[in-house]
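Please read the following briefing alongside the sequence and the 3D view.

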Amino acid sequence: MSLALAVALGAAVGAPARYLLDAAVSSRSRSRLPLGILTVNLLGCLAVGVLAGAEPSTTTVRLVGLGFLGSFTTASTLAWDVIAVGARSRRAGVVLLALHVVAGLALTTVGLVATRAVV
């Protein structure tokens with residue numbers, strides 16, 4: 001499989017998965033924060049850590065890392081959500097951004113360390 005095709009196939013699955021998970025979480029949440037995209041991005045961070053810890057082949061990195069996770073997680077929606085929440089409450093916007101960054105880095109580290117402990 002060509003590396004470009006691997007990225008395209010992963011992306012074709014990642015984007016709909018992001019949409020479906022975001023919609024499922026958002027429809028059940030009563031929070032003022034957009035928890036759907038937060039959930040998506042944090043799961044993506046955990047998965048990136050697991051992927052990095054597993055030291056996969058180049059094709060797997062392209063398929064799962066660049067393709068699936070690249071289209072599953074989203075910086076643009078994060079930025080949109082932080083701006084929208086921040087317009088209503090500056091403090092809530094800062095909290096949302098901090099959750100994405102701090103929890104995202106923590107979950108990436110957990111995934112990496114846990115996978116290396118097993119592999």
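What follows is a description of a predicted model, grouped by topic.

The chain has 5 helices and 0 strands. Of its 119 residues, 25% are buried.

**The chain as a whole**

- Read along the sequence, the order of the secondary structure is α-α-α-α-α.
- The C-alpha trace spans about 45 × 30 × 20 Å along its principal axes.
- Taking contacts between residues at least 6 apart in sequence, 75% join residues that are at least 24 apart.

**Helix H1 and what covers it**

- Helix H1 runs over residues 3–28 and has 26 residues.
- From its first C-alpha to its last, H1 reaches 38 Å, which is close to the 38 Å expected at 1.5 Å a residue.
- Buried residues in H1 are Ala-6, Gly-10 and Gly-14.
- An α-helix has 3.6 residues a turn, so residues three or four places apart point the same way.
- Helix H3, residues 58–72, is included in what covers the buried residues of H1.

**H1 against H3**

- Two packed helices are described by the angle between their axes and the distance between the axes.
- For H1 and H3, the angle is about 35 degrees and the axes are 6 Å apart.
- The crossing of H1 past H3 is right-handed.
- On the H1 side, the residues that meet H3 include Leu-3, Ala-6, Val-7, Gly-10, Gly-14 and Leu-21.
- On the H3 side, the residues that meet H1 include Thr-58, Arg-62, Leu-66, Gly-67, Ser-71 and Phe-72.
- By class, the contact of H1 with H3 has 13 nonpolar, 6 polar and 2 charged residues.

**The buried residues of H3**

- In H3, the residues Gly-65, Gly-67, Leu-69, Ser-71 and Phe-72 are buried.
- H1 and helix H2, residues 35–54, are included in what covers them.

**H1 against H2**

- The axes of H1 and H2 come within 7 Å and cross at roughly 130 degrees.
- H1 and H2 are therefore oblique to each other.
- H1 passes H2 in a right-handed crossing.
- H1 contributes Arg-18, Leu-21, Asp-22, Val-25 and Ser-26 to this contact, and H2 contributes Leu-35, Gly-36, Ile-37, Thr-39, Val-40 and Leu-43.
- The residues of the contact of H1 with H2 divide into 6 nonpolar, 3 polar and 2 charged.

**H4 against H5**

- Helix H4 covers residues 75–88 and helix H5 covers residues 90–118.
- The axes of H4 and H5 come within 5 Å and cross at roughly 155 degrees.
- Angles over 145 degrees count as roughly antiparallel, and H4 and H5 are therefore roughly antiparallel to each other.
- From H4, the contact is made by Leu-78, Asp-81, Val-82, Val-85, Gly-86 and Arg-88.
- From H5, the contact is made by Arg-90, Ala-92, Gly-93, Leu-96, Leu-97 and His-100.
- This contact of H4 with H5 has 6 nonpolar, 3 polar and 3 charged residues.

The neighbours named here leave aside residues up to four places away in sequence.

- Asn-41 is in helix H2.
- Is Asn-41 buried or exposed? Buried means under 20% relative accessible area, and Asn-41 counts as buried because its relative accessibility is 7%.
- Asn-41 touches Thr-73, Thr-74, Leu-78 and His-100.
- Leu-42 is also found in helix H2, and at 16% relative accessibility Leu-42 counts as buried.
- The residues that Leu-42 touches are Leu-99, His-100, Ala-103, Gly-104 and Leu-107.
- Leu-42 and Ile-83 are 41 residues apart along the chain, and their C-alpha atoms are separated by 19 Å.
- His-100 is found in helix H5 and, at 7% relative accessibility, counts as buried.
- Which residues is His-100 in contact with? His-100 is in contact with Ile-37, Leu-38, Asn-41, Leu-42 and Leu-78.

Note on methods: Residues numbered from 1 in each chain as written. Predicted model: local features only at pLDDT ≥ 70, side-chain atom pairs only at ≥ 80, totals over all residues. Heavy atoms only, no water. Helix = DSSP H or I, 4+ residues; strand = E, 2+ residues; numbered from the N terminus. Expected span 1.5 Å × (residues − 1). Buried < 20%, exposed > 50% of the residue type's maximum accessible area, 1.4 Å probe, protein only. Contact = heavy atoms within 4.5 Å. Axes fitted to C-alpha atoms, helices over the stretch in contact; angles between N-to-C directions. Parallel < 35°, antiparallel > 145°, perpendicular 65-115°, else oblique. Nonpolar A, V, L, I, M, F, W, Y, C, P; charged D, E, K, R; others polar. Left-handed = near helix turned anticlockwise from the far one by under 90°.
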